[in-house]
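Dear colleague,

I am passing on the structure below, and I would be glad if you could look it over before reading the notes that follow.

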Amino acid sequence: MRITRRTLLLSAAAGIAGSAVAGTGLALAPSKLRTDVPSLKILDQREYSILSAIADTLLPGTDTLPTATAIGVPEMVDEVISLMHSADAEELRLAFRLIENALIGGLLDLRPLPFTRASAETRRAALLRWQTSSIIERKKAYKALKGLCGASYWSHPEVARFTGYPGAPDLGQSSAPKPTHFANEARP
Amino acid sequence: MSGRIVQGHDLDTDVELDCDVCIVGSGAGGSVLAARLAAAGKQVILLEEGGYFARPDFDLNLARAFSRYYQDGGRRATEDLAITVLQGRAVGGTTLINWTTCYRTPSGILALWQARHGVDTLSTEVLTPHWEAVEARLGIEPWSTFDPNPQNSLLARGCEAMGWDHHILRRNVRGCGNTGYCGHGCPLDAKQAMHLTYLPDALRAGADLYADTRAVRFERDGRRVTAVRAEVLDRETTRPTGVSVTVRAKTFVAAGGAINSPALLLRSGFTEGPVGERTFLHPVVAVSATYDEPVQPWAGAPQSVASHQFIERGEDMGLFFEVPPMHPVLASVATPDFGSEELDFLSQLTHSATFIALARDGVGSDVGGTVRIDERGRIRLAYPLTDTHRDAFRFAHRALASLHLAAGANTVRTLHSTPFTLRSQSELRALDDLPYGAHQHNIFTAHQMGGCAMGSDAATSVVDPHLRHHHHDNLFVVDGSVFPTSLGVNPSESIYGVAHWAADHIADSV
């Protein structure tokens with residue numbers, strides 16, 4: 001996934017002739033940071049806060065289902081990002097900042113405030129715009145984030161049961177004999 | 001003397017090795033070839049970038065399976081992310097996580113390769129004894145141990161009602177418990193994947209396997225490949241450990257599969273010929289539906305019924321129909337929406353069935369995708385979707401929706417960004433007006449072919465009809481990347497068969 005910052009910011013700039021001062025203020029609007037940040041592999045507090053807001057918008061839970069953050073989806077995604085190719089990780093972290101950015105949000109998503117400060121309804125509308133955007137890089141970012149968050153969320157046993165899926169059976173595989181032929185038999 | 005499996009954590013200093021044949025990749029092509037060559041007395045070394053996993057490792061968590069056993073942690077996709085690419089990355093390659101469906105290469109495809117691409121070495125007659133051999137070794141038989149699961153039964157029911165072809169397909173299993181976890185790593189060792197069959201055969205005959213060892217590039221001197229340079233990877237992080245493996249051999253084989261084999265050649269600077277071009281994917285579209293009866297689409301042998309009713313559509317792209325195993329994680333990946341809409345879809349999973357249509361690309365005038373290496377060293381696959389694809393997707397949606405309704409579905413749902421639902425045959429026409437193509441609906445591939453096409457003309461192929469690289473005398477490619485077109489059937493047995501066939505003349509060349 002390759003986000004072109006130039007593409008997005010040029011798109012924004014094309015619509016705000018004469019409002020540079022206001023635009024600067026929006027671009028610098030602070031995020032609402034979470035304070036319950038666990039130990040992370042690669043993301044910082046701000047990125048975690050943005051990801052948490054995105055994940056809880058994608059997967060808001062219900063009366064009986066937990067939110068994505070409640071079951072640790074942002075931490076799981078953080079670990080996945082830490083294992084990505086560095087270029088892919090950079091692009092995804094840039095996507096967080098672009099989704100959060102109030103200037104871009106105001107111009108492209110009718111949301112002139114950071115994503116983390118927006119209401120649930122506003123966040124949902126923003127992600128819908130990313131999902132259906134005519135800017136391919138926004139569509140790609142949405143798809144990447146949805147896939148990462150969804151795989152982590154729906155693999156949780158408590159959540160998977162919501163679908164009627166009973167969970168994976170124990171078919172004796174954990175106690176199956178280990179294969180042979182290893183060069184180092186002490187460390188198969 | 002038995003060979004050994006050497007894993008990344010066994011190596012803390014650089015290694016230099018010599019052998020008769022070095023095979024890069026331990027999947028459907030590499031393992032079959034390794035076993036045959038080792039049995040013929042050749043000293044064989046296999047290099048595999050993925051890790052060695054076996055039954056004790058399979059905890060049946062699909063998200064973890066994606067991260068451990070699939071390329072790019074399950075996130076491999078075309079460059080525009082329009083098509084999700086499910087491809088294995090482990091000892092055994094994609095055979096570790098595929099859904100076991102086996103077909104011989106259609107005779108029409110072999111005839112097409114001969115007529116259009118000059119592949120005069122392969123025919124049904126030539127390949128039959130090789131297919132028979134791999135079928136015996138891998139237990140490939142029509143599925144009969146259990147009845148088709150509800151999802152497959154619904155496909156059969158719909159085809160029956162429509163008067164369309166449908167048949168029981170063949171699977172490479174022995175002692176299958178009908179659990180439905182083929183894509184997670186078989187928890188019963190029932191799926192006859194390479195790590196249980198041809199790879200142990202190769203090891204018993206003296207071949208060595210270096211797992212967690214990624215081939216970076218070949219080196220050459222004129223028309224001869226002289227060595228392969230590889231880097232050892234940390235199993236958990238997939239990052240290089242700093243330890244290198246260098247293998248010198250009389251003969252080298254690229255068997256990393258479509259996408260990976262072309263990428264290896266490109267990293268090596270072997271850019272002669274259309275390397276990476278004509279990469280085909282059998283692009284998949286899906287339509288779901290809910291039924292009054294429970295379906296439990298995650299349970300039971302994932303694929304046991306298929307329809308080839310529309311494999312021939314004249315000038316248009318042919319299609320074949322199957323079903324996928326729909327565990328919650330895959331269902332989430334399949335549906336493009338989120339929030340309450342996704343919850344609604346997943347809440348009905350027990351009563352949902354999904355049918356898939358696979359498009360037979362490359363047989364017509366479509367040219368498929370192109371693999372390249374980007375400026376950051378990443379493998380990139382560009383696969384433009386054309387009007388031909390969009391027409392096929394439109395046709396597929398109508399056909400799959402028809403099948404669901406004929407099978408008794410109460411609500412049919414597309415996987416468009418804004419899903420479309422219908423409840424009767426009278427609404428089918430509206431499907432024609434929906435948008436089709438990149439990012440309009442989810443598209444997948446579980447079959448990757450081409451990129452190092454075989455052929456008689458070096459200008460339009462990468463390897464000759466004997467799979468020898470046109471420009472390197474001691475380099476062969478033996479995997480699905482050599483197919484000049486897609487197949488219109490699941491490709492695993494075609495790869496097993498071609499590898500089994502190629503072993504004789506590769507052994508003679510060493």
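For what follows, two residues are in contact when heavy atoms lie within 4.5 Å. Please keep in mind throughout that this is a predicted model.

In chain B, taking the contacts with a separation of 6 or more, 75% are accounted for by residues 24 or more positions apart. The secondary structure of chain B consists of 11 helices and 24 strands. The radius of gyration of chain B is 22 Å, close to the 24 Å that the globule rule gives for 510 residues, so chain B is as compact as a globular protein of that length. Along the principal axes, the C-alpha atoms of chain B fill a box of roughly 65 × 45 × 45 Å.

Of the 510 residues in chain B, 65% are buried, and the accessible surface of the chain comes to about 16100 Å², with 47% of that surface belonging to carbon and sulfur atoms.

I then turned to the contact between the chains, to which chain B brings 59 residues and chain A brings 59 residues. The size of an interface is often given as the accessible area lost when the parts come together. Chain B and chain A bury about 4700 Å² between them, and 57% of this area is on carbon and sulfur atoms. Phe338(B), Leu343(B) and Arg378(B) supply 15% of the area that chain B buries against chain A, which is more than any other three residues supply.

Notes:
Residues are numbered from 1 along each chain as its sequence is written. Chains are lettered from A and ligands numbered from 1 in the order in which they are written. This is a predicted model: local features need pLDDT of at least 70, side-chain atom pairs count only at pLDDT 80 or more; totals for chains, interfaces and linings use all residues. Side-chain values use heavy atoms; hydrogens and water are left out. Helices (H or I, at least four residues) and strands (E, at least two) are DSSP runs, numbered from the N terminus. The radius of gyration is taken over C-alpha atoms; the globule rule is 2.2 Å times the number of residues to the power 0.38. Buried means under 20% relative accessible area, exposed over 50%, partly exposed in between (1.4 Å probe, protein chains only). Accessible areas come from the Shrake-Rupley method with a 1.4 Å probe; for residues, only the protein chains shown count as cover. Buried area is the accessible area (1.4 Å probe) that two parts lose on being put together, summed over both.
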